[in-house]
Amino acid sequence: MSLKVNLRLLEKESIQLDGDVPASELAPDFQDELMRLAHPVEYELTVERQSEAVLVTGSLRTHVECECARCLKGFLLPVQVDDFSLLAPLEGEEAIPVDGDFADLTPAVREDILLALPTNPLC
């Protein structure tokens with residue numbers, strides 16, 4: 001289930017989103033020799049409508065199954081993005097995907113989670 005928000009509901013007030021996205025849906029093509037996204041990404045987000053954009057703030061959390069780059073011992077790495085913030089335009093080159101009345105926030109969440117992963121995980 002992707003992370004979508006109804007733009008019509010945002011016209012009146014901000015929306016609180018709490019839940020999780022399965023890792024298999026968030027980043028199905030993620031491949032790394034030392035890391036596996038096997039746990040869902042939990043989110044707590046506030047979504048507000050700006051004139052021609054959507055402002056999203058909140059936090060993201062998950063665990064990544066890793067092998068240490070030094071000793072190859074397996075361990076579970078907590079990944080947390082406490083200050084997730086996104087000002088996503090609804091039109092133009094940088095626009096988030098919009099299907100009818102729904103804006104898909106999944107690509108932005110995927111990007112921030114992947115950027116929070118270490119280059120070489122160490123136990």
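A: Gladly! A salt bridge is a side-chain nitrogen of Lys or Arg within 4 Å of a carboxyl oxygen of Asp or Glu. This is a predicted model, where local features need pLDDT of at least 70, side-chain atom pairs count only at pLDDT 80 or more, and totals for chains, interfaces and linings use all residues. Residues are numbered from 1 along each chain as its sequence is written, and side-chain values use heavy atoms, leaving out hydrogens and water.

Q: How many salt bridges does a search of the whole structure find?

A: Side chains of opposite charge can pair when their charged atoms come close. Here the search finds four salt bridges. In one of them, Arg61 meets Glu42 at 3.3 Å, N to O. Arg61 sits in strand S5 and Glu42 in strand S4, 19 residues apart; strands are DSSP runs (E, at least two residues) and helices are too (H or I, at least four), numbered from the N terminus.

Q: Which residues of H3 are buried?

A: An α-helix has 3.6 residues a turn, so residues three or four places apart point the same way. In H3, the buried residues (under 20% relative accessible area; exposed is over 50%, partly exposed in between; 1.4 Å probe, protein chains only) are Thr106, Ala108, Val109 and Ile113. Seen down the axis of H3, they fall within an arc of 165° (from the directions of the helix axis to the C-beta atoms), so they line one face of the helix.
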